Amino acid sequence: MTDEEFSKQFHLQSTPLKKIQLAIREGRYTIWERYNPPNFSEEYLEPVLNLPDKTPVTRKAPRKSGGAWYMKKKVKKKVVNTKRLCPHCEDDSDVTQKKVSIIVGSESFMTTTMVCEKCGSYALTPKIRKEMDEWGRKFTKNVIEPQPIFSESTHRFAEEMANQHGLKKVPLFRALTAFYLNHVVNLEDFQEIKNYCDKHPSRKLLNKGERSKVSVPIRYLLYRKIQIFSDVWKVPHSKTIEEAVLFGLTALSSKEENFAKLKVIAESLEQFIADVAQAA
Ligand SMILES: [Zn+2]
């Protein structure tokens, strides 16, 4: 979309939320991140895409859902092109270019960007986010190693599924997590599908037996996805993996189901795992 077309579309949107959603879809936003504690606020923006249109968007919104808060400002800034304003403290007197170091798991990424002297917020522009991803992709080692806990029957079923696809159990856990975060949580009817799976009879079976930990080493790109989800829902990394794995295994165990939406997911999940196995 050209700048002109974007501006036009932006003004045509009927609610602030719709404007924000458009800006996210088009990647036309800058994140203003608090320096301390450092994290990835981008993740706050993702759920906004799925919020109902009537969701109020106000500047006083708390931070959890407050991605909307600074986005509103950001979007305005992009379009109207006003001077640099810190969206956290709403001050434009002390915003300057500075070096920042952003913690990513066990690593840190250095860059130069706009920083608010007053509150320490810094801007993660689309360009910087891209550079960061390029930097992170180069790591051949793992950034974090969460330890999700699964029941004996989950371990066993996962083992079986992994075998069927020529994978080991831990890579399967990673594949299920990646699939869930990339292809499931952003579905429009995610909540409906998740509720269905949570109540599915096979879920009960998956929870049987003694529970034990497993280490799942994670590289940069998946780490970022997990971080997003964990931040938004305020759950530890290990919980995010647990949820993703249980969802995936439930989907795989209910392929014969009449619930069409889940069937479609199960089929593409099968394909996804096959692709992962082939690449491994
Ligand atoms: Zn500030």
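Student: What share of the contacts with a separation of 6 or more is between residues 24 or more positions apart?
Tutor: In the protein chain, 71% of those contacts join residues 24 or more positions apart. Keep in mind that this is a predicted model.

Student: OK, and how many helices and strands are there in the protein chain?
Tutor: The chain has 12 helices and 6 strands.

Student: What percentage of the residues count as buried?
Tutor: Out of 280 residues, 33% count as buried.

Student: Let's look at helices. At what angle do H7 and H11 pack?
Tutor: Helix H7 covers residues 169-184 and helix H11 covers residues 237-253, and they pack at an angle of about 90°. Their axes are 8 Å apart. That angle makes H7 roughly perpendicular to H11.

Student: Which residues make the contact?
Tutor: On the H7 side you have Phe-173, Leu-176, Thr-177, Phe-179, Tyr-180, Leu-181 and Val-184. H11 brings in Ile-241, Ala-244, Val-245, Phe-247 and Gly-248.

Student: And how many of those are nonpolar, polar or charged?
Tutor: The contact of H7 with H11 has 10 nonpolar residues and 2 polar ones, with no charged residues.

Student: Gly-248 is in that list. Is Gly-248 buried or exposed?
Tutor: Gly-248, which lies in helix H11, is buried, because 27 other C-beta atoms sit within 10 Å, and 20 or more is enough to count as buried.

Student: What does Gly-248 touch, if you skip its neighbours within four places in sequence?
Tutor: Gly-248 is in contact with Leu-176, Phe-179, Tyr-180 and Leu-269. There's also a distance to look at: Gly-248 and Ala-158 are 90 residues apart in sequence, and 9.8 Å separates their C-alpha atoms.

Student: Which residues in the largest nonpolar core touch the most other members?
Tutor: That core has 56 residues, and the ones touching the most other members are Leu-172, Leu-176, Tyr-180, Val-245, Leu-249 and Ala-251.

Student: Take Leu-249. What does Leu-249 touch, not counting residues up to four places away?
Tutor: Leu-249 touches Thr-154, Phe-157, Ala-158, Met-161 and Leu-206.

Student: Switching to a lysine: where is Lys-225?
Tutor: Lys-225 is in helix H10, which runs over residues 220-233.

Student: Why does Lys-225 count as buried?
Tutor: Because Lys-225 has 22 C-beta neighbours inside 10 Å, and the cut-off for buried is 20 or more.

Student: Which residues is Lys-225 in contact with, leaving aside neighbours within four places in sequence?
Tutor: Lys-225 is in contact with Leu-181 and Asn-182.

Student: Now strands. In which sense do E2 and E3 pair?
Tutor: Strand E2 (residues 95-104) and strand E3 (residues 107-116) are antiparallel, and they pair over 10 bridges. They form a hairpin with 2 residues between them. In the turn, Gly-105 has a positive phi of about 55°.

Student: Which residue in E3 stands opposite Lys-98?
Tutor: Thr-113 stands opposite Lys-98. Likewise, Thr-96 stands opposite Val-115 in E3.

Student: What about Phe-109, where is that found?
Tutor: Phe-109 is found in strand E3. With 16 other C-beta atoms within 10 Å, Phe-109 is partly exposed.

Student: And what does Phe-109 touch, again without residues up to four places away?
Tutor: Phe-109 touches Ile-102, Val-104, Met-132 and Trp-135. Trp-135 is 26 residues from Phe-109 along the chain, and their C-alpha atoms are separated by 7.9 Å.

Conventions: Residues are numbered from 1 along each chain as its sequence is written. This is a predicted model: local features need pLDDT of at least 70, side-chain atom pairs count only at pLDDT 80 or more; totals for chains, interfaces and linings use all residues. Helices (H or I, at least four residues) and strands (E, at least two) are DSSP runs, numbered from the N terminus. A residue is buried if 20 or more other C-beta atoms lie within 10 Å of its own, exposed if 12 or fewer, and partly exposed in between; C-beta atoms are placed from the backbone. Two residues are in contact if their C-beta atoms, placed from the backbone, lie within 7 Å. Two strands pair if DSSP finds at least two bridges between them. Axes are lines fitted to C-alpha atoms, for helices over the stretch in contact, and angles run from 0 to 180 degrees between N-to-C directions. Angles under 35 degrees count as roughly parallel, over 145 as roughly antiparallel, 65 to 115 as roughly perpendicular and the rest as oblique. Ala, Val, Leu, Ile, Met, Phe, Trp, Tyr, Cys and Pro count as nonpolar, Asp, Glu, Lys and Arg as charged, and the others, Gly among them, as polar. A nonpolar core is a set of buried Ala, Val, Leu, Ile, Met, Phe, Trp, Tyr and Cys residues joined through C-beta atoms within 7 Å.
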